[in-house]
Amino acid sequence: MRELCGWDNLRALKNAASPGKNPSEGKRSLGKQQGHFVTSGVYMGTAVRSLAALLCFSSSVWVTAQNVTAQDRPQPAIMPLDQIHEGMKGTALTVFQGVKPESMDVEVLGVMHNVNGPKGDIILVRLHGTKPEYTGVVAGMSGSPVYFDGKLAGALAFRIGEFSKEPIAGVTPIEEMLEINALDHRPAPARANAPAANPPANSPNQSGTTQTASPGEGSALPAQNYSNYLKPIETPLVFNGFSNETLQRYASQFAAAGIVPVMGIGSASDRKQPEPIEAGSAVSAVLVRGDMDIAATCTVTYVDPQRLLACGHPLLQFGEVDLPMTKATVLATLPSPLNAFKIVNTTETVGAFVQDRQMGIMGVPGRASKMIPVTIAMHSGPGTATKEFHYEVLNNARLSPLAMMATVFNALHGTNEYGEDITYRMNGVLSVKGYPDVTLRNMFAPQDNGQPAAALAAATIGDRFGRIYTNAFDVPDVQAVKLDFDLVRERRSARLEAARTDMTEARPGDQFMVETVIRPYRGERLVRQIAIRIPTSTSKGTLRILVSDGDTLDRMHRGTPMMNHGLGLAPTIALLNKERANDRVYVSLLDSGPEAMVADKVMPTLPLSVMNVMDNMRGTQDMVVLGESSVSEASTEPLDYVVSGAQMLTISIK
């Protein structure tokens with residue numbers, strides 16, 4: 001395909017615009033290349049060659065769309081940092097409204113060394129002009145290219161202090177931004193103030209210089225115990241289509257991941273934007289798109305036929321990423337002494353961001369991103385129309401579980417049918433390429449502690465995603481998520497009130513009844529009997545009988561460290577599909593013999609000699625040993641209530 005699509009022509013285009021070459025010579029060289037290309041396409045004499053030329057042009061959409069930038073405007077020469085000194089005057093480009101970059105004057109105040117990490121230098125500048133002096137340094141301006149003597153020096157990336165009376169900013173040198181490479185597969189460098197990989201839900205983010213802040217942040221920002229006067233220019237991460245309650249509920253978890261959400265300032269669409277992307281244009285990275293949208297917008301610093309550099313600082317510094325890259329239109333630039341920002345609409349997708357590094361982000365034109373399609377259907381009852389939500393979320397081990405939780409809660413919460421006493425019956429699948437589907441079936445009812453059913457459903461989805469992504473051996477390729485919710489307009493929860501059996505002694509092989517009393521929320525008691533048989537291999541002595549909800553049984557194994565770490569994707573999915581439903585009462589017989597679990601396989605009541613042999617396998621196997629074994633299990637039929645509670649009974653085996 002490289003031969004068909006004329007990659008040599010792309011390289012010639014880049015060479016024609018490279019520093020140190022005469023622009024006219026570059027154009028002449030390019031013209032020759034193009035002339036040869038067209039000639040070979042027209043005069044080849046065969047339909048196959050003509051088709052090849054057509055494929056080449058259709059695969060070079062980015063180059064033709066960017067012809068104003070790449071051909072008529074050769075790439076500027078690079079100004080090294082050691083040539084920049086105090087008093088130099090230049091220009092910077094950014095979009096204040098619409099899509100056309102506007103020029104503003106720049107004056108160098110000096111160069112600061114080692115202020116953006118080790119060997120991380122910053123050019124300190126003052127902006128001049130009617131608009132920047134009125135608006136100040138605004139969120140969304142990061143990445144604006146800065147030129148001296150027509151040479152690209154870097155990108156506006158930092159603001160200085162709070163409530164500044166002058167538009168003073170820090171510039172990331174372009175030499176450091178150009179180090180970002182699509183073939184660089186190294187992880188982002190670890191930093192002392194980086195958020196933990198799996199932070200607690202309410203843990204504050206102590207990151208000072210890499211947190212993605214946003215306009216309207218206010219009290220949502222986590223507390224810091226130090227002053228930080230040099231900060232990345234905020235990249236507005238706009239949550240469009242989200243309710244205020246959704247953002248408040250998950251704000252601390254987003255903050256722990258380095259994101260401070262902004263609600264409804266801007267919007268998203270897939271409309272065409274004919275203007276080409278050029279240095280100074282607004283560009284957006286998309287985390288969620290569809291019936292709900294999450295996108296971050298900054299400014300393009302550098303663009304050539306192979307790549308695009310923007311921001312001048314990281315979004316989240318995840319290293320390798322895969323986020324849709326879209327054009328953007330600035331509706332307005334809102335001045336504010338506290339947090340001036342650009343109001344942005346994202347438009348058509350033109351590629352993908354593939355690197356999120358310390359000195360900026362990099363996009364590849366024409367590349368498609370792997371997003372996870374999500375479909376949520378909501379049924380309110382007979383005679384009502386089904387509501388459906390369709391959207392896609394990013395495929396990222398750290399953010400996908402959180403994005404799924406927030407979007408599922410938002411879909412359930414943001415409807416007219418939502419209420420405090422709503423119960424949800426959920427059926428769905430989570431599809432992972434090459435593995436069985438993960439079954440998602442459960443009921444969710446409000447809890448006495450005030451936790452709404454929608455939040456419980458969202459937490460369950462997030463838990464499934466988290467356990468799939470945190471496996472230590474396999475990279476999951478999540479294909480799709482489909483969820484179907486039946487809404488019940490009452491609180492259908494029940495508590496296990498009592499359990500009893502009329503037997504105090506039994507023999508191996510006997511069957512007996514366990515009678516359970518279940519008390520629904522504000523309802524009459526339900527009595528259900530569960531028959532269970534004692535295995536013939538049961539030894540003499542005391543046999544414990546656990547009568548409980550399904551989650552209690554699952555926690556007996558899920559709560560062990562081995563169940564959360566050290567498993568591959570196949571056993572993780574197998575364990576997820578073995579989890580019990582929460583709308584039944586379970587009876588489990590617990591023998592005093594130890595039980596071994598290797599991955600998703602359970603070996604109950606193993607002899608001591610076997611356990612001693614298996615104990616030597618702990619260093620090489622994902623094995624855990626429990627003090628007692630579950631030798632038999634039975635349950636009621638589905639009760640159409642979310643059941644909670646547990647009781648323990650005992651009988652003697654003769």
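Colleague: What kinds of residues line the largest cavity: nonpolar, polar or charged?
Modeller: Seven are nonpolar, five polar and two charged. Nonpolar means Ala, Val, Leu, Ile, Met, Phe, Trp, Tyr, Cys and Pro; charged means Asp, Glu, Lys and Arg; the others, Gly among them, are polar. This is a predicted model: local features need pLDDT of at least 70, side-chain atom pairs need 80 or more, and totals for chains, interfaces and linings use all residues. Residues are numbered from 1 along each chain as its sequence is written, and side-chain values use heavy atoms, without hydrogens and water.

Colleague: Which residues lie nearest its centre?
Modeller: Val238, Ser267, Ala295, Val344 and Thr346, out of 14 lining residues. A cavity is a set of points on a 1 Å grid over the protein atoms alone where a 1.4 Å probe fits but cannot get out, and lining residues have an atom within 4 Å of a point.

Colleague: How much space lies in it?
Modeller: About 110 Å³. That volume is the space filled by probe spheres on the points, which are joined across faces, edges and corners.

Colleague: Switching topic. At what angle do helix 9 and helix 10 pack?
Modeller: About 160°, with axes 8 Å apart. Helices are DSSP runs (H or I, at least four residues), numbered from the N terminus. Axes are lines fitted to C-alpha atoms over the stretch in contact, and angles run from 0 to 180 degrees between N-to-C directions.

Colleague: So parallel or antiparallel?
Modeller: Helix 9 is roughly antiparallel to helix 10, a label for angles over 145 degrees.

Key
On a 1 Å grid over the protein atoms alone, a cavity is a set of points where a 1.4 Å probe fits but cannot get out, and a pocket is an open set with protein on both sides within 12 Å along at least five of seven lines; lining residues have an atom within 4 Å of a point. Helices (H or I, at least four residues) and strands (E, at least two) are DSSP runs, numbered from the N terminus. Angles under 35 degrees count as roughly parallel, over 145 as roughly antiparallel, 65 to 115 as roughly perpendicular and the rest as oblique.
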